[in-house]
Amino acid sequence: MSLLTVLAAALTGCGGGAGSGERGGSGSAQVRGTTTASPRPAHPSPTPSASPSAAPARKPPTMAPGPGGLTPVFTRGPASAGKTVALTFDADMTADQGPRAASGERFDNPALIATLKRLEVDATIFMTGRWAEEYPAQAKAIGSDPRFEVANHSYSHHAFATPCYGLPALDRPAMAADVRRAFDAFRRAGVRNVVPYFRFPGGCYDDAALRALAPARVTAVQWDVVSGDAFATDAGAVAEEVLAGVKPGSLVVLHCTRSAAPVTEEAVRTIVPELRRRGYRFVKVSELMGGRGGTAPG
């Protein structure tokens, strides 16, 4: 496998599939996991979002376990959520990429975070534990900003089901521990606004992974709109994919990794004003799941 193939697997896999046939689901909360995601090409408010509330923080909403105790999976809000959309950004870094970071490769994207703040966009950042270790100051700053919430994207960014875009596979007994290790990395970095949500690397999972993850007590979060920003060089094309796919209650997957998603920040500068022109309001995953953007999942 070439280096380019490995790089593409590590990031494109993260947002290249919707996991177990979830793309386009109409329900707000669905437990899925009968098959591993099949690789496929990554395509995919009238006024600014309201200012962060000064009200006391409340416990983030979660979903009850599925049949047999399986980890529940949230894919999107219901159509009754109205014109709300959750933009999510995967901050990817695999456990073995430290040498590449040391040599100058950047897995962060401060300009993207600054643009989201400037445009007053609430968002959810799915962060790997290894990313938080590499960029602790940025992780802490993101997690301290009331516009953002930080969710778990595993510690290692290894696959929880195979095949998964060439990602190394975790053993089943190690899965819950890998998730807990990421939460531990967030605590060490001083990250606040952490929510009990988890996104599978590559979006790949099956029933065995949902069962193995159950001890971590998280709600898995997938998506219904793929941005196609991984390794993209045309910001306009990324924006078009998102704008073509968003529906009321949509959950969009993008990336917060400068070296492997270099045009995301530019695409966001097109996506945000256009969706607002169409009447959409930007919410965090917790708001979409908890019903502040519409109907609570049942």
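Mentor: We'll take salt bridges, then cysteines. This is a predicted model, where local features need pLDDT of at least 70, side-chain atom pairs count only at pLDDT 80 or more, and totals for chains, interfaces and linings use all residues. Residues are numbered from 1 along each chain as its sequence is written, and side-chain values use heavy atoms, with hydrogens and water left out.

Trainee: How many salt bridges are in the whole structure?

Mentor: A search finds 14. A salt bridge here is a side-chain nitrogen of Lys or Arg within 4 Å of a carboxyl oxygen of Asp or Glu.

Trainee: Which residue does Arg 199 meet in a salt bridge?

Mentor: Asp 90, at 2.8 Å from N to O. They sit 109 residues apart in the chain. Asp 90 is in strand S2 (residues 84-91), while Arg 199 is in the loop between strand S5 (194-198) and helix H7 (207-213). Helices (H or I, at least four residues) and strands (E, at least two) are DSSP runs, numbered from the N terminus.

Trainee: Are Arg 199 and Asp 90 buried or exposed?

Mentor: Both are buried. Buried means under 20% relative accessible area, exposed means over 50%, and partly exposed is in between (1.4 Å probe, protein chains only).

Trainee: What about Arg 258 and Asp 108?

Mentor: Their side chains form a salt bridge too, 3.1 Å from N to O. This pair also links distant parts of the chain, 150 residues apart. Arg 258 is in the loop between strand S8 (250-255) and helix H9 (264-277). Asp 108 is in the loop between helix H2 (98-102) and helix H3 (110-118).

Trainee: Why does Arg 258 count as partly exposed?

Mentor: Because its relative accessible area is 35%. Asp 108 is buried, at 0%.

Trainee: And where are Glu 265 and Arg 269?

Mentor: In helix H9, four residues apart, so about one helical turn separates them. Glu 265 is buried at 15%, and Arg 269 is partly exposed at 40%.

Trainee: New topic. How many disulfides?

Mentor: One. A disulfide is a pair of cysteine sulfur atoms within 2.5 Å. Cys 164 and Cys 204 are joined, with S to S at 2.3 Å. The link is right-handed, with 85° about the S-S bond.

Trainee: Where do Cys 164 and Cys 204 sit?

Mentor: Cys 164 is in the loop between strand S4 (148-152) and helix H6 (175-189). Cys 204 is in the loop between S5 and H7. They are 40 residues apart, and both are buried.
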